[in-house]
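Please examine the sequence and the model below.

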Amino acid sequence: MDYNYNEIEQKWQEWWRKEGVYHVETGSAKPHYYVLDMFPYPSGAGLHVGHPLGYIASDIYARYKRLQGFNVLHPMGYDAYGLPAEQYAIQTGQHPAITTEQNINRYREQLDKIGFSFDWSREVRTCEPKYYKWTQWTFIQLFKHYYDNNANKALPISSLVERFAKQGTEGLDAACTEPMTFTADEWNSWDEVKQQQVLMNYRLAYLADIPVNWCAELGTVLANDEVVNGLSVRGGYPVERKLMRQWSLRITAYAQRLVDGLEQVDWTDSLKEIQRNWIGRSEGAAVWFPLADNKEHSFEIFTTRPDTIFGVTFMVLCPEHELIDQITTPEHKAEVEAYVTWAKNRSERERQAEVKKVSGVFTGAYAINPLTNEKIPIWVSEYVLAGYGTGAIMAVPAHDSRDFAFARHFNLPIRQVVALEKDAVSDPATWTESMDAKTGYSVNSGFVTGMKVKDAMKAVIDKIDEMGIGHKTINYRLRDAIFSRQRYWGEPFPVYYKNGIACTIPEECLPLELPEVSEFKPTATGEPPLGHAQKWAWDEQNRCVVEKSKIDNKTVFPLELSTMPGFAGSSGYYFRYMDPHNDSAYFSKEAVGYWQNVDFYVGGAEHASGHLIYSRFWNKFLFDLGMAVKEEPFQKLINQGMIQGRSNFVYRSKADNNLFISKGLIKDMNDVTAIHVDINIVDNDVLDVERFREWRPEFKEARFELEEGKYICGWEVEKMSKSMFNVQNPDDLVARYGADTLRLYEMFLGPVEQAKPWDTNGIEGVHRFLKKFWKLYDNCLNASMPECLSADAANTQIIKQSNNQALKVLHQTIKKVTDDIERFSLNTSVSTFMIATNQLTEMKCVSREVLEPLVVLIVPFAPHIAEELWHQLGHETSVCDAQWPVCDPQYLIEDTVKYPVQFNGKMRFTIDLPADCNQADVLAAVKAAPESSKWLTGEPKKVIFVPKKIINIVV
RNA sequence: GCUCUGGUGGUGGAAUGGUAGACACGAGGGACUUAAAAUCCCUUGCCCGCAAGGGCGUGUGGGUUCAAGUCCCACCCGGAGUACCA
């Protein structure tokens with residue numbers, strides 16, 4: 001019987017569904033294991049071959065764990081809110097919910113064909129009210145909590161209110177936007193509006209004025225990558241930096257815990273490094289510098305190099321700094337204002353793209369160095385960022401490369417205060433770059449001169465502390481997360497405004513459902529799309545959403561018009577899978593108590609600094625509330641590499657527009673134009689010329705210069721995109737080769753974690769392998785298995801002997817495949833299966849003792865063929881519940897070792913020797929070998945012998 | 001600029017300091033076939049050589065080691081991310 005993959009795969013997919021083979025129960029005597037994929041955004045383009053790469057890897061692991069006896073949670077869902085559906089809605093009027101539903105159905109169809117072991121009864125969609133109810137609920141909790149640095153956790157706002165009423169800010173150490181000090185009397189004297197304003201300073205979800213890219217023409221805020229040269233990508237309208245009142249999450253309160261938590265998780269060092277860099281913890285000092293003209297006033301700077309304070313030759317403020325207006329002298333006013341206006345309107349992207357262009361302006365004002373009493377000029381420049389530290393720096397051009405570039409550009413003095421050796425001082429005028437390293441000794445530095453850099457840092461901090469002008473401090477580059485979007489297709493905020501005060505709707509009234517709108521665009525007055533909703537006001541008495549016309553600001557109030565960003569719904573979705581249908585809680589105590597956290601998480605590296613930070617923050621907050629039981633959500637994590645496209649090209653003659661020249665025949669690339677050609681009409685770089693002529697009307701009359709009867713295309717690795725005609729759809733491959741082949745091939749392509757170009761050129765080989773694998777079983781199943789097992793007496797000895805060899809192959813395979821899965825080297829396990837199959841075929845193995853465990857080994861990789869063969873071998877229950885075979889080392893023992901013999905580290909020949917040889921035996925054998933005479937004359941200088949590995953003779 | 005990551009045959013890749021190129025693809029040759037498909041067998045890193053054999057070889061240049069694709073230093077090139085982070 002032939003390997004009829006289409007029939008087999010369909011049959012078992014249906015059977016698995018019917019039998020509920022992948023249904024998972026919470027709470028079982030078995031050990032639990034949670035395998036999660038980053039859920040996809042269901043785009044209109046459908047699934048491409050890059051998505052399944054990670055899903056297949058995690059499915060292999062999930063199935064492997066199940067075969068080892070674990071109760072495995074392996075769910076899937078959709079990150080269903082997002083911009084593309086909304087953009088499509090604006091263009092066509094089609095409701096994003098409809099588009100999203102269609103796309104989800106398409107994704108599901110594609111996923112189903114690949115044979116994943118997902119428990120679909122646990123599916124979540126972030127855009128469904130019963131799901132986003134809990135996103136909104138979490139937001140309300142964030143709103144109702146603040147971060148107490150002494151308790152080192154989130155605490156209820158109500159306890160903060162009590163504290164303020166009793167003792168004001170006395171003894172309070174809490175995360176906040178602006179530091180505040182007030183007494184209990186002051187607090188109690190304030191009206192509700194003022195009190196609420198103060199509380200907003202502490203809430204973990206808070207409103208603040210944030211600079212955003214505002215495009216008046218589009219009536220919306222744009223992301224950095226939607227702005228180029230100050231114009232919107234869409235439409236080319238002007239974009240300005242504007243302060244807007246936005247919801248933010250005080251993720252910075254958790255910065256230290258986010259750094260510390262990395263110690264507990266099993267992630268790659270590079271990923272941890274990315275996160276550490278993103279959080280950007282840096283130790284340094286805050287120092288107050290008084291103004292020269294008004295010594296009563298001073299401003300705060302942050303520096304990581306307090307030891308270099310004797311080398312300060314100028315100060316720099318960011319263009320947003322509030323001090324600029326006050327200190328700029330009249331003669332510099334015009335120039336400074338012009339610069340500030342220009343710099344403020346530049347996007348962050350622009351500022352960063354032009355690193356090497358130095359710009360800035362002198363304010364005319366001076367500060368006093370508190371340690372030297374020197375008068376130093378104050379400049380303004382965009383290289384100092386408002387969002388980091390205090391937005392002001394002390395510039396030490398000799399020891400900071402950016403300060404150095406600035407000083408050179410504006411001819412400011414440069415003074416060396418650190419040297420590698422105590423007397424190795426040179427003239428900075430001769431330098432080509434600054435000396436940034438934190439090594440060496442302080443020079444020209446008053447009381448720290450001669451100290452090591454590290455000691456000088458400490459000495460300066462102690463000194464400024466003593467003088468009361470500064471202190472040691474820690475800064476993080478992590479910023480609070482802006483949580484408002486001026487969009488339609490997202491979670492509504494459960495917030496209404498009572499005389500300007502933000503109030504959350506009662507938790508019992510959740511979810512607050514996304515209202516219908518007449519248009520998905522912003523309103524004419526620049527309000528977000530929810531401004532179009534007629535029924536979008538909160539009736540406090542009746543606790544329901546009512547018509548906007550009923551707003552009286554007494555009992556009916558306006559609702560928030562912004563919606564939440566994409567990361568809102570994806571930050572805690574892994575909890576919901578544990579208990580997806582719970583209507584009374586986010587998830588039950590029992591469910592989280594059983595599953596704990598995600599054991600193994602697979603997803604793209606592009607989420608290294610976004611999703612993975614937000615999720616960890618979300619989890620820690622829920623941990624503080626006593627809901628999550630683990631501080632870290634994702635115990636082990638791997639990133640699947642990006643799949644790049646492999647484009648094909650045809651070459652059109654510049655002299656003749658209908659003539660296409662095969663790649664090998666082109667003499668000069670300048671004579672031809674390379675044109676992208678659809679990879680679906682190219683096979684192993686050979687163009688199907690007939691299909692090419694049909695492909696597009698302009699190629700109908702195409703003529704070809706062929707080499708050996710073939711048109712050979714060129715190729716290049718590029719991004720996978722429609723415009724380059726290099727998109728590969730998994731369905732086509734499943735139809736042509738079957739899901740098992742696709743699964744194996746995606747793994748065979750290379751290490752899961754590495755980026756690689758997609759190329760179907762090798763898929764035939766994997767498909768051939770499955771055919772061979774099938775044949776290995778088909779041969780003996782046709783010959784009727786039982787007879788193969790119990791051969792008559794005359795053959796027993798022969799069968800036993802060949803069986804021993806086959807068992808050795810089996811156990812080698814068990815060992816290798818198990819090890820490979822454990823270290824996610826899935827490409828090499830596929831090779832191992834190929835080797836085993838070739839060897840067993842050659843041995844004509846017919847032993848059930850060998851072939852049955854082998855079927856179980858391949859289940860994670862190729863579940864369909866495995867289930868079919870399992871049943872053909874006489875089983876009635878699913879192979880998914882079989883037992884993972886265990887390697888028996890007795891079959892792996894080798895009697896002889898093939899020793900490579902090296903002379904001076906160069907391999908010259910090999911020699912077969914008994915495994916228990918010692919160095920003397922091996923050396924004697926080598927000396928006796930005829931090949932040695934060429935290399936060995938006289939006694940060896942030295943012999944290195946590594947038992948069972950190698951012998952190296954130094955002559 | 002910064003961060004991460006990669007660089008091995010014609011291609012994808014293998015090799016946990018110990019025989020570089022496993023396993024595949026492609027290519028070439030052959031068997032089977034009326035033919036094709038399918039299948040099977042052989043060859044296939046580069047150079048010299050009829051061969052035996054030898055030399056070279058993991059981006060480049062150094063270094064450590066009996067031994068380096070693997071470890072260290074410097075550099076070159078590609079990919080991804082990015083918030084000039086004081």
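Into which domains is chain A divided? In this predicted model, the division gives domain 1 (28-138 + 568-640), domain 2 (281-476), domain 3 (492-562), domain 4 (657-727), domain 5 (760-892) and domain 6 (896-954).

Helix H1 (residues 5-19) packs against helix H28 (residues 863-872), their axes being 9 Å apart and the angle about 85°. Because angles of 65 to 115 degrees count as roughly perpendicular, H1 and H28 are described as roughly perpendicular to each other. On the H1 side the contact involves Ile8, Glu9 and Trp12, and these meet His864, Ile865, Glu867 and Glu868 of H28. By residue class, this contact of H1 with H28 comprises 3 nonpolar, 1 polar and 3 charged residues.

A second pair is formed by helix H21 (residues 730-737) and helix H22 (residues 739-748), whose axes come within 7 Å and cross at roughly 120°. H21 and H22 are therefore oblique to each other. From H21, the residues Pro730, Leu733, Val734 and Tyr737 take part in the contact, while H22 contributes Ala739, Thr741 and Leu742. The contact of H21 with H22 has 6 nonpolar residues and 1 polar residue, with no charged residue; for the contact of H1 with H28, the count of charged residues is 3.

Technical notes: Residues numbered from 1 in each chain as written. Chains lettered and ligands numbered in written order. Predicted model: local features only at pLDDT ≥ 70, side-chain atom pairs only at ≥ 80, totals over all residues. Axes fitted to C-alpha atoms, helices over the stretch in contact; angles between N-to-C directions. Helix = DSSP H or I, 4+ residues; strand = E, 2+ residues; numbered from the N terminus. Parallel < 35°, antiparallel > 145°, perpendicular 65-115°, else oblique. Contact = placed C-beta atoms within 7 Å. Nonpolar A, V, L, I, M, F, W, Y, C, P; charged D, E, K, R; others polar. Domains from an automatic or database assignment.
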